[in-house]
Amino acid sequence: MEIELKLLLAPQDAPRLRAHPLLAQSTQGAPQLLRMHDIYVDTPDLQLCRHQAGLRVRQVDGRWVQTLKAGGTVSGGLHSRHEWEGEVPGPQPDLAALDAAIGRKQPIRALLRQDAIRDALRPVFTTRMERTVWQLRTPQGDEIECVLDQGVIESGADGADGGARSVPVSEIELELKQGQASSLFDVALSLLRDVPLQLGHMSKAERGYRLAASHPLQAVKAQPLRLDDGMTVQQAFVAICGNCLEQVSGNQDGVAAGEDVESVHQMRVGLRRLRSALGMFKSLLALPDALTGELAWLGGALGEARDWDVLAGNTLAQLDGEAATDAAALAGAAHAQARLKHVQAAQAVTSARYTACMLGLQRWLQARAWRDNCSARQLRRLDARVSPFARATLRKDQRRLMQRGKRLPHATPQQRHRVRIAAKKTRYATEFFASLFAGRAVKPYVGRLSALQDELGWLNDVQVADRLLRQLPEVQADQADQAVQDGLRLHAAFVRGYLAARAQAQGSDGRMHKAWRRFKAARLPA
């Protein structure tokens, strides 16, 4: 299993990296300089890529080496995947040698045995890199290969202008050769103090496939999480947090692009799931205050963009009748504010602060750093089987939700908000632990929770819309004359009143109460 951390840097910052004191102090021997030419092969319909695999043949120093990478995960910039490698006589892959090397239980082995796949393999894209390699040894004895790659990825596929496509590469790869994975983050954080770096979510293969197939960036939803009944509580915690961080980092590039509404939404969901998971385990461990503050900062940057997106693209867009004209008059200003918040969110996730936050989180997880501050009782509970903890957590969450929901029929907006938060935490916990229980019990429970969340969520959107519509004329003050600003105030006042009336009607029309009654009748999976 290959474990590496990928970081991006601007080409002009490469000299700062080469001169970094850590490299001078920790490198064993002289750095190695290489020129590499990689040829990635796949079928015309990219079957290997569809199965999360990449097959390349690399020419380096007159030798040809084939490498197959498959499976694995990417979490907070940490790439973990299976890798098989061996020399070949020329630029063509040797599938027989790969077949002999791959374990029998690996799905990629069966795929490569299909004649339709083997006969259809062809070059899809190439990379040309100038590589500098430092072999590092940390004071703790961990061995890490630090690689600086600078070059280009090229695809022969015709672009819209009839020419070949290409994309530049300037990145660092820290690969663990021996020792603890947490040492990768120690090295990265040390480099970050002097060199501006960003987390790299995509491998060169993924970037090459995106180039060859002209695939746009897509938002990444939470992936299915599989916990094993034999896991300890601590192992389940690490798996849950890793799953949340996959969703966060998977949407980093979409948020950084500055326009994708769904990427912002999914990154925010991943962050909220992570914070919910941390709260779920807070009786056993605690995230350091500094990292807690950084998560709050990131959540704020994403939350502002998301709130304006919902107002502009959902709340105002759904209004009809006499409110439609006023909503249309406000929509342009709301979209403008949403675009501004997207730019600010993009600046946040491309900042050194974000990189340090994600590296710090992963370092904390990999090192199991919480154990240093745990009592003996907490350590025993962390090392116990996860199933009893999961059942107790779901029962506690449901009790909290039931208690808060008692006031729902006559609840104030603040009380409804507390019910909504409790419902969300209960749903996240149920989804985290779903694989430990029978699916036929989990699905209807989560479905009724989701229906309740939908009803409460719309009412919360109205509260957020009221706050933003109060702000809208003022935030547009620098871009509009007084008459336009006065017009925005009048339109905003009418829409706020209209939304308040609709919310009151929805609160009394029985839908929310029906969703609540259906949830109360649902059977807890645990």
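**View 1. Helix H9 in the predicted model.** In this predicted model, helix H9 covers residues 233-250, and its 18 residues, at 1.5 Å a residue, should span 26 Å, which agrees with the 26 Å that separates its end C-alpha atoms. Of these 18 residues, 15 are buried, so H9 is largely enclosed by the rest of the structure.

**View 2. The edge-to-face pair of Phe 237 and Phe 281.** The structure holds ten aromatic pairs. In the pair formed by Phe 237 and Phe 281, the ring centres are 5.0 Å apart and the planes stand at 65° to each other, an edge-to-face arrangement. Phe 237 belongs to helix H9, whereas Phe 281 sits in the loop between helix H11 (261-280) and helix H12 (289-315), so the pair ties together parts that are 44 residues apart in sequence. Phe 237 counts as buried, with a relative accessibility of 0%, and Phe 281 is likewise buried at 0%. Ring pairs also join both of these residues to Trp 364, Trp 370, Phe 389 and Phe 433 in a cluster.

**View 3. The largest nonpolar core and the surroundings of Ile 240.** The largest nonpolar core has 121 residues, and the members that touch the most others are Leu 174, Phe 237, Ile 240 and Phe 433. Helix H18 (residues 439-475) gives the most to this core, contributing 14 residues. When neighbours within four places in sequence are left aside, Ile 240 is in contact with Leu 225, Leu 227, Ala 277, Met 280, Phe 281, Phe 432 and Phe 433. Another core, of 35 residues, lies apart from this one and includes Leu 34, Val 41, Trp 84 and Leu 111.

**View 4. Asn 460 in helix H18.** Asn 460 is found in helix H18, and its relative accessibility of 18% places it among buried residues, because the cut-off for that class is under 20%. Leaving aside neighbours within four places in sequence, Asn 460 is in contact with His 417 and Arg 420.

Notes: Residues are numbered from 1 along each chain as its sequence is written. This is a predicted model: local features need pLDDT of at least 70, side-chain atom pairs count only at pLDDT 80 or more; totals for chains, interfaces and linings use all residues. Side-chain values use heavy atoms; hydrogens and water are left out. A nonpolar core is a set of buried Ala, Val, Leu, Ile, Met, Phe, Trp, Tyr and Cys residues joined through side-chain atoms within 4.5 Å. Buried means under 20% relative accessible area, exposed over 50%, partly exposed in between (1.4 Å probe, protein chains only). Helices (H or I, at least four residues) and strands (E, at least two) are DSSP runs, numbered from the N terminus. Contact means heavy atoms within 4.5 Å. The expected span of a helix is 1.5 Å times one less than its number of residues. Rings of Phe, Tyr and Trp (its six-membered ring) pair if their centres lie within 6.5 Å; planes under 30 degrees apart count as stacked, over 60 as edge-to-face and the rest as tilted.
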